[in-house]
Amino acid sequence: VSTQSTWGYGVECSDVSCVGGISILKKPTGIITSGSYYDTKACSWELVPPILSSIPYPTPVGIQIIFNSFDLEKNYDALTIIANGKASLRFTGGYSTCVNSNDCWFHGSCILNATQSTGVCACDPGYTNSDCSLSNITIYSSSIKISFVADLSDTRVMKGFNISYITLYECPSNCSNQGVCYMGVCTCNKGWSGSGCSTPTDVIVCEKCSPTPISIIIGITILAIVVAILGLIGITMCVRRISQRHRVLNSVPKGPQLSIVFTDIQNSTVLWNSHPVNMQHALKLHNRVIRKLIGQFRGYEVKTIGDSFMIAFHCPYDAVQFCKNVQFELLENQWPLELLMEKDCQLVEGLDGVMWNGLRVRMGIHKGHADLEYDSRTMKVDYLGTSINKAARVESIAKGGQVLVSEEIRISDDVLMERFESIGVVTLKGLGKHPLYQLTQQNTPTFVRGLGRGKFLISRVIIITFLQVP
């Protein structure tokens, strides 16, 4: 195949995958041209530069495209350069006339005609196209494909394009910044020689040179000390990061008893819209309770998303006790008075004490194996897997103030003394049908006031059972 390709005919379409007539060009340099045209055309060239065994680094590292001339019909004809298997660059024609330098992309001057109404762009060196919008480009790929599709021109004969390509080969040491690299060979600047232009040729040998000044010796010594200190600091930081990673991975909950809790505030979006200032204060109270009890029950705060928490515990007992205590302390909190006027925060008292007060937080618990993923940037662990998805789905079924658990939690040995009420078999999105249970009666005297809430929730669960369980 010659370096000047001929037309290849193919299917007319705008998708380059439909273009036929591919010409394979295997020379390191060459010219590709479309020639003048006025009818529908389609062709492709694939540039596959050779490996040159005659140079130190024989493998191509890139291809430079030089636009010698470019005249395509705007918005209809296109030249596409494809690298690494995907279309990366698409070029089309520019406006054929100009009024001022703005129309020449500020890369040229607008030469007006005799009537001073319109003109043509005179492009600066290195730029082409009728509106000076194209410049030479370099594509770092071992091979590229160039495709051209031309629609029927109904105005004039288009001159087409003429582009040159040059394969880039790496030079030794990048010519040490003392020369120019071309086709893998360095052309050294004056005073330098060698394959990588690293050897000075104008070295002056002084027979009576004075010894190195003491100030230079001191400067070099100080520089060496600074470099050594910086290196030691870098090594220390690296060791600390590794130590931190092992410490976190060894301490976080894991294994078959891993219990995951998700929490969320009921209708928080509505509350934020209605009381943004009060919700800031309320969220601080909410977060303070959550984080205090995470530490008390050996939990690990995985992450927060808005006002929702994801927390990992070593066993079901810790997870259940955490949820019970969170509900109790939220019930006893002193919330902003304005929030207590809202439907989802109203203070409600029953025969057994306070049933509702302030933010209503729904909670879901599930246990099971999960994959651990350590993030070196945040130095925290995330949990992945079906068990995590199920815990999130369990929480999404709950109502504000309600704690729902999976079957795996209910039958765990360390929570057999807890009381759970079935809400039936519930469909969890993407996971099928599963029996769920709500934590109801508290079993210690300190949670007597929680009994009212538990009884209230049972009646709400009956409604859920009829609506959601087939």
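The legends below describe close-up views of a predicted model.

Residues are numbered from 1 along each chain as its sequence is written. In this predicted model, local features need pLDDT of at least 70, side-chain atom pairs count only at pLDDT 80 or more, and totals for chains, interfaces and linings use all residues, while side-chain values use heavy atoms, leaving out hydrogens and water.

**View 1. The protein chain and its confidence.** The protein chain has seven helices and 28 strands; helices (H or I, at least four residues) and strands (E, at least two) are DSSP runs, numbered from the N terminus. Mean pLDDT, the predictor's confidence in each residue on a scale from 0 to 100, is 80 for the chain, and 85% of its residues reach 70 or more. Residues 1-20 have pLDDT below 50, with 49 contacts beyond near neighbours in sequence; contact means heavy atoms within 4.5 Å. Over residues 442-470 pLDDT stays under 50, and the model has 56 contacts beyond four places in sequence for this stretch.

**View 2. The seven-stranded open sheet.** The strand order is β19-β20-β18-β23-β26-β28-β27, with mixed pairing; two strands pair if DSSP finds at least two bridges between them. At the edges, β19 (300-305) and β27 (420-428) each pair on one side only. From one strand to the next, the twist averages 25 degrees. Axes are lines fitted to C-alpha atoms, for helices over the stretch in contact, and angles run from 0 to 180 degrees between N-to-C directions.

**View 3. Strands β18 and β20, with helix α5.** Strands β18 (residues 259-265) and β20 (residues 308-313) run antiparallel and are joined by five bridges. Within this pair, S259 stands opposite F313 in β20. Helix α5 (residues 386-397) lies across β18, β20, β23 (361-367), β26 (403-406), β27 and β28 (432-439), and runs at about 150 degrees to β23.

**View 4. The largest nonpolar core.** A nonpolar core is a set of buried Ala, Val, Leu, Ile, Met, Phe, Trp, Tyr and Cys residues joined through side-chain atoms within 4.5 Å, where buried means under 20% relative accessible area (1.4 Å probe, protein chains only). The largest core has 36 residues, of which V261, F322, L359, M363 and I365 touch the most other members. Helix α3 (276-296) is among the elements that each supply at least two residues, and α3 gives the most, with eight residues. Not counting residues up to four places away in sequence, L359 touches I265, L271, M279, A282, H286, W335 and C345.

Technical notes
Buried means under 20% relative accessible area, exposed over 50%, partly exposed in between (1.4 Å probe, protein chains only).
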